[in-house]
Number of protein chains: 2
Amino acid sequence: MEYMFLIAPIAAVISLIFVAAMVIYINRKDDGDVSMKEIALAVKEGAKAYIKKQYSIVAIFFGVVFIILLSLVFFKLLPIPVPFAFLTGGFFSAMSGFIGLIVATNSSSKTANAAKTSLNGALRIAFSSGMVMGLVVVGLALLDLSIWYAILNSVYRHLPMEEKLSIITSTMLNFGMGASFQALFARVGGGIFTKAADVGADIVGKVEAGIPEDDPRNPAVIADNVGDNVGDVAGMGADLYESYTDSIVATMALAMAAGLSIKGVILPLAIAGAGVLASIVGYFFVKSKEGANQKNLLWALRRGIYGASIIVLILTYFIVRFLIPQHITIYFSVVIGLIAGVLIGFFTEYFTSDTYKPTKMVSKSAQTGPATVIIEGIATGMISTAPIVITIGIAIILSFWVAGGFSDFEIGLYGISVAAVGMLSTLGITLASDAYGPVADNAGGNAQMSKQKAIVRERTDALDSLGNTTAATGKGFAIGSAALTALALLVAYKNEAMMKFVSIDMSLTNPRLIVGIFIGAMMVLWFSSLIMKAIGRAASKIVQDVRIQFKEFKLLDGKNKPDYARTVKICTTSAQKEMILPALSAILGPIVIGILLGVDGVLGLLAGAITTGFGMAIFMSNAGGSWDNAKKFVEAGNFGGKGSDTHKAAVVGDTVGDPFKDAAGPSLNILIKLMSMVSIVFLGLTVALTIFK
Amino acid sequence: MEYMFLIAPIAAVISLIFVAAMVIYINRKDDGDVSMKEIALAVKEGAKAYIKKQYSIVAIFFGVVFIILLSLVFFKLLPIPVPFAFLTGGFFSAMSGFIGLIVATNSSSKTANAAKTSLNGALRIAFSSGMVMGLVVVGLALLDLSIWYAILNSVYRHLPMEEKLSIITSTMLNFGMGASFQALFARVGGGIFTKAADVGADIVGKVEAGIPEDDPRNPAVIADNVGDNVGDVAGMGADLYESYTDSIVATMALAMAAGLSIKGVILPLAIAGAGVLASIVGYFFVKSKEGANQKNLLWALRRGIYGASIIVLILTYFIVRFLIPQHITIYFSVVIGLIAGVLIGFFTEYFTSDTYKPTKMVSKSAQTGPATVIIEGIATGMISTAPIVITIGIAIILSFWVAGGFSDFEIGLYGISVAAVGMLSTLGITLASDAYGPVADNAGGNAQMSKQKAIVRERTDALDSLGNTTAATGKGFAIGSAALTALALLVAYKNEAMMKFVSIDMSLTNPRLIVGIFIGAMMVLWFSSLIMKAIGRAASKIVQDVRIQFKEFKLLDGKNKPDYARTVKICTTSAQKEMILPALSAILGPIVIGILLGVDGVLGLLAGAITTGFGMAIFMSNAGGSWDNAKKFVEAGNFGGKGSDTHKAAVVGDTVGDPFKDAAGPSLNILIKLMSMVSIVFLGLTVALTIFK
């Protein structure tokens, strides 16, 4: 039976080989003319500079936390392997971010160059680059987990089966923290970077100097392009790397509580492995005839995702049937997870795409000025939470109920966790459909700056707009999986705490717990606010530098070149500095509450943060998405078109929406998972120090 | 011992007599010249028209719900007196709103007239008018509860003491619903009315026609003034009437669960009675010498509130000592409640007043345009939740701990509820310091429209600005007490459910409960969004009418008079229509969740709604307050002053903030209490119909 585990490492290795093949495929493509290469190089250098700087700061954090974890091990408050697994998790996550980023920045000029000839050719390159990100994330995550599982299995081989598994799963539960930390820095730092650059470039370039977007005379333009890669490729990748790892380790831990033993422990690894293979097959469905229009292309992408989903559903059926035939209904938890992900993606698209009524209404409200466009956008974002929260609510209840329900409570909870694994099983390809967008976007920037023919920009714009649609699906998966994963971690946390200590009062009328919920809900607002303020401060530094450069180099004449690297550096430094406070509060929150209010308080804290965080993340992302597309709708010639007062009002909406959708909103995904993970890892410490024994 | 109960009805009667005396005092004051009278009459007629229309619609709702409650009685799902108490609660709340509104609209021209002579004289009238609102709310609420207590006591006199009390408290727990319904309509309908009128008046008057605020040529100007009274006087009054009633009945119910019997049941009534008396004494502290400056006046008001607080603390000590000497520490729960209220008021002021840094920063951010002012305001509102949530968290833990703590769990919970009663004990005067603001505001409008000398407007402006500061304290009490009251109701709900049915799984890992929390958090966003959209729709109707009137009557020439009543009518009709959907969703939410997810789900729903609702209410109110004062700060000549681009940006912030702070934010106070109340009243029904037995 245990050999079923091997699906995971085999799939991981296959996916990494496939990644290598794709990198070779992409590298063989033409980089375009000199000007294209030059711009691509600037972006690549900027991205590298950023990521190096980020990793060097992250390394310090990792060093500090590693020492803290080691001392926890010393005081027997943590299992021995945890500090080391913390490092490998962080390392692999960083590596996947790095590879994804390099390939993405490599691909933009190639995509632009291919767009000279055909839309389809450009799509293949951009999508392959996204696929590299997707597969490297799932491949490295599975590899990391498989290796550790094998190591622990061998170390504890002398123990009886149940005891061994119990130690392994409870140890591995702590393994997500490396990925969590990496994700925090990637999402928060990346989010601040990308939005500060974006806002800075817009304020001085578009508004003050009156030059178009992506104009090479703007010193912040490279930073803006770097930001797209840093935030949307590396940030998104790290976010989902974390969800992926966490959902698997949480499911393994819950399997033991559910009494499913080795079979239940292997199941999530096997499903994940099957999903990787399905994603690779799905990649080959993404083909389209020459001369395809945008709708055909969208269906080409969807064919890939749906194809992979069907394959994983078939494979999973046999896996479940083989591993736990007496609990075959758990299979439906996987189905429910996948369907919920797709539905959330659909609702996200409905509320943010300008082909539907809500965003059209936001556009329309821009006619009466910026205030009404803001109110309407906020209202749209808020109302969009209703169908999405209800979807996740139904998914939780159903996946619990089909797996075991109240008569088999622990297996029911295991079912919820399996739904998260199911939702993320096709991550290889869903992430690709999200991560290819920034490549297309950058290709457009490249075409613009290197002054290509209009048709090139038109084609890359078509790809970019297509990317916005598929990104909605990707965001749906990211946000939905974050909620389910965090919930699974919460349950696992409770189990861990119960294993160690006598009494936990989990009841809602326990004041410690209810105060925890209050504070959890508040922390979501506090965290969002810190990030928005950070972007404001960072953006104003960019604005200053860009203004100075315009004067210093007389850029508007077009003779001198701006010092792109300087702006990138300022962005980088500010982002790194600004991410420290939000990061610290996310990490210290559960520890402080644990010490003050005990385990009960932490449970409340997590419940409050997860539920409010989920709602606020949807609200902020969708309000931002809607403002963005409402502006584009006006720019497409509606309600007065570009340059009209309506357009100006819509731009205000878009500017407010930027930090909402690309920084604060997605960072909440990280916040809720990280807080859960920190609670688990520091459980021993908080209980030792808690003032309420 | 039981005669201690008499403090409540005696205090109620005294307060009503005092109200009568004050009404006579105010009525004797001079109404001013013909023009002043005329304008005051228009506002009064408008307010009357609105309130009549509102009550006629509310009457229909009450009729329908009364019949539903009667049928629940018929199926033995509710105690017999509940439908009747529902009516009396609604009736008394409506009556206090009506009286407060009439007196407030009566006082505006008198205040303006008094301001011709002195600031202090104007303050006395305006504050007395606020005091009428404050005392009529507490007087009628206490009277209603006392009468019912006496009736039930007499009906069940043949039963043994414990059984009798158990029936009485469990019956009276349902009595808050009449007040809750009334509050919902007053706050939501009133909020929509006032903001639609405000936005409508501003858009056409200030922006399009370029005439100043409160210009009599603007047809919406009377509606705007009516709105202040409707929203801030009647709405606020109904909100606090509800908190006041609910906190008392919840405490009575929790007394039985805590085994405190008759003494614990009487305690909240006695404290409330003492508070009424203390408020009346406090009123006499609000005096100031002639020629006092604004700071003196602020201290005059504060002397009133602090004086009343000290008196109630002294009286309460003897009450607790006399009634439950063995639990004398419960006294500290009262102290904690009062201190928490004051602290929340202080933090509210800190984040919203332009004398402190946060609002100055919002002002400053207006220099870079509307987008940055919006982002900064949102961030400020969000961050303001931190100290306030922490304050309420500490208050919950401490009031629980001093009363009983974990060793005496139920008495501890009783302590939390007593803290709510303590916080609201001085409501008579804290509400006065809030409700007097709109009177001053209207007096200013009256002075402007009737073209008084500049000094008159200056004095009323000074009063108005003073009102803004004290209103922050009032809002702090409203919001803090709503959270504590709702929490007490949640505990009471659980107790009621446990008394009737065997098993409730209150644990956080129960999927029904956790899904309930998700949906509760979501409902807060959904509800806010409905209200904001409603205001948008209503405002656009006003805009249309005002535009038509400008053409129809050639108003800008100043020869013809606008048809104020028509605009008021449109406001009224839209507000009434628009409040139905939010109202229905607040009422049906707990019932539907109860049927689908059972009592566990409802508990989660309430916990989610209370915690997220509290955070969002603070966020929205304070963001709105900060934008408002940031605009005023610019208007005072900072960052370019009136007419500058900075000012325009600040106006956008203020316009976005209006529905935040005066409609959506405060409505959340109602939402969380109403949902708790509906859960209690429909407990029998939902359990009978629930699909999860």
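Here is a walk through this structure, from a whole chain down to single residues. Keep in mind that the model is predicted.

Let us begin with chain A. Its secondary structure consists of 21 helices and zero strands. The radius of gyration of chain A is 24 Å, close to the 26 Å that the globule rule gives for 693 residues, so chain A is as compact as a globular protein of that length. If you draw a box along the principal axes, the C-alpha atoms of chain A fill roughly 75 × 55 × 45 Å. Buried residues account for 68% of the 693 residues in this chain. Now look at contacts in chain A between residues at least 6 apart in sequence: 85% of them join residues at least 24 apart.

Next, bring in the second chain. How are the two copies related? Chain B can be laid on chain A with an RMSD of 0.0 Å, using a turn of 180° and a shift of 0.0 Å along the axis. The two copies are thus related as by a two-fold rotation axis. If you look for the C-alpha of chain B nearest that axis, you will find Ser507(B), 2.4 Å from it.

The place where the chains meet comes next. The contact takes 54 residues from chain B and 54 residues from chain A. On the chain B side, several helices each supply at least two residues, among them α12, α13, α14 and α16. The largest share of that side, 15 residues, comes from α17(B). Of the interface residues of chain B, 100% are also interface residues in chain A, so the copies meet through the same surface.

Now let us follow some single helices of chain B. Helix α8(B) covers residues 261–285, and at 1.5 Å a residue its 25 residues should span 36 Å; the end C-alpha atoms are 37 Å apart, which agrees. Along the way there is a kink of about 30° at Leu267(B), shortly before the proline Pro268(B). Is this helix mostly covered or mostly open? It is mostly covered, with 19 of the 25 residues of α8(B) buried.

Helix α11(B), residues 357–365, has a buried set made up of Pro358(B), Thr359(B), Val362(B), Ser363(B) and Ser365(B). These residues cover an arc of only 165° around the axis, which puts them on the same side of α11(B). What covers them includes α10, α12, α19 and α20 of chain B.

Finally, zoom in on two residues, one in each chain. Phe633(A) sits in helix α19 of chain A. Why does Phe633(A) count as buried? A residue is buried if 20 or more other C-beta atoms lie within 10 Å of its own, and Phe633(A) has 23 C-beta neighbours inside 10 Å. Leaving out residues up to four places away in sequence, Phe633(A) touches Asp354(A), Thr359(A), Lys360(A), Ser363(A) and Asn638(A).

In chain B, Gln452(B) is found in the loop between α15 and α16. Gln452(B) is buried as well, with 23 other C-beta atoms within 10 Å. Not counting residues up to four places away in sequence, the residues that Gln452(B) touches are Ala112(B), Ala447(B) and Arg457(B).

Definitions and conventions
Residues are numbered from 1 along each chain as its sequence is written. Chains are lettered from A and ligands numbered from 1 in the order in which they are written. This is a predicted model: local features need pLDDT of at least 70, side-chain atom pairs count only at pLDDT 80 or more; totals for chains, interfaces and linings use all residues. Helices (H or I, at least four residues) and strands (E, at least two) are DSSP runs, numbered from the N terminus. The radius of gyration is taken over C-alpha atoms; the globule rule is 2.2 Å times the number of residues to the power 0.38. A residue is buried if 20 or more other C-beta atoms lie within 10 Å of its own, exposed if 12 or fewer, and partly exposed in between; C-beta atoms are placed from the backbone. Two residues are in contact if their C-beta atoms, placed from the backbone, lie within 7 Å. The expected span of a helix is 1.5 Å times one less than its number of residues. The bend at a residue is the angle between axes fitted to the seven residues ending there and the seven starting there. Copies are superposed by least squares on the C-alpha atoms of residues with pLDDT of at least 70 in both. The arc is that of the directions from the helix axis to the C-beta atoms.
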